[in-house]
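Welcome, and please have your viewer ready.

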Amino acid sequence: CMWIQKLSFPLVLIFLGLSCAPQNIQTQDPPSTQPPFERLWSAIDSLERIAFFREALDSTQVVLNYAKQNNAPQHIVKSLIYQSNYIQQIEEQGSERALRLLDSALLWVEGPEKAILQSLTAQGYLSYFRARRHLISSLTESNMEVPDDLRLWTAGQLLERVHELFEASLDHDFLRTTPVGQFEEIIDTSADAWAAPTIYDVLARKALAFYQTDEALVTRPAERFYIENEAALAPARDFVNASFETADSQSHQLKTLRLYQDLIRFHLADDDPRALLLADMSRLEYCHRNGIIANADSLYLHALTTIENSQSGQPLSGVAAWYRAQYYFSRGATNKNGGDDENGNFAKAMDICEKVISRFPNSWGAQKCRNLRKSIMRKSLDFSCETVVSPDKPFLISVRYRNIDSLALRMYRVT
């Protein structure tokens, strides 16, 4: 599941366009045969398409009031997001004003919509930080009180706010029993609702995406946490009970591990194993990529093979196989000899992909394998030689290539 997003401005926003002729939504009563919200949003979309952003902003306030009166949570959130978008387009210091709007809404919004809004506001602050990084870098970190003016916030202060909002968004027990379908206006549930069946799953994914970036940590502590424990690559039931301790309590890697533990533990008893296994495979890939575990490769491949065998005959086994193929492809691509893959990693990856595509042609794993197959078959050629060579002396030229059968070279004297 994912938000339907619009990235035209620093603040990451939800956008869902509907088509309809322009109409005055403030005075015309909705026809009884048409859902009121559908008509209201259609009118707002029409105003946006002709760049009447001020009028669209006023109209979203009407929708917001109507949503409050009729206890329509997803339309409350959608109204606030649209307002934020329009404020950025028509007002000076629009990005700052949009974030303040969302912050103020968090004081009165309740229930699942509050958690969703907390996550979206966190993404907004993160986008604001990224857009102003070149300006923020000149500000000095201090222990002074956070300024009212967002433009004076340091990188540490902005990212601390992002941390606070993501953590707050997950601190609601009712999220685990709130299906994503209740917020279909602002969450795209058409493709993989089974992979993230609850609002908790969706918000956990958003938080994980942040924690897995280098931006999650501005300063490097003296005692930094590293993923060294083999339990990070253990089977799911062992992993959720593992203890990862460190003095670096703000480590983004530590937060990632603990959130994966919570997410996987949440799905351990599911009748449908798909959400559990997708989260578990994502965890394994992250820990293998970021860990410094001595036998990480063998543990990783063993864990993926175990999942693949447990789902034998099921399309989800193709996803585990794709992760294995991706591992071999990465090994081949980083080979120190360039295109000379003496260990046959590309061939192993291709063989895995072909089998998945053949067995489960319409599955998500097969789609991933098709994309990987294109990368494996892509032709590449790279030349390099010494910058300075001795006159009348032989010199070496390094030629790295992949998926090229023959190469013709011609040298010209340039002086």
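Start by selecting Met281: leaving aside neighbours within four places in sequence, Met281 is in contact with Leu304, Ile307, Leu316, Val319, Ala320 and Tyr323, where contact means heavy atoms within 4.5 Å. This is a predicted model, in which local features need pLDDT of at least 70 and side-chain atom pairs count only at pLDDT 80 or more, while totals for chains, interfaces and linings use all residues. Residues are numbered from 1 along each chain as its sequence is written, and side-chain values use heavy atoms, with hydrogens and water left out.

Together with Met281, they touch the most other members of the largest nonpolar core, a set of 112 residues. Such a core consists of buried Ala, Val, Leu, Ile, Met, Phe, Trp, Tyr and Cys residues joined through side-chain atoms within 4.5 Å; buried means under 20% relative accessible area, exposed over 50%, and partly exposed in between (1.4 Å probe, protein chains only). Now colour helix 13 (residues 316–333), which gives the most to this core, with 10 residues. Helices are DSSP runs of H or I with at least four residues, numbered from the N terminus.

Move to helix 11 (residues 274–290) and pick His288. His288 is buried at 18% relative accessibility. Beyond four places in sequence, its contacts are Leu233, Ala296, Asp297, Tyr300 and Tyr327.

Last stop: the cysteines. Cys353 is buried at 0% relative accessibility, and Cys287 is buried with a relative accessible area of 1%.

Methods: Helix = DSSP H or I, 4+ residues; strand = E, 2+ residues; numbered from the N terminus.
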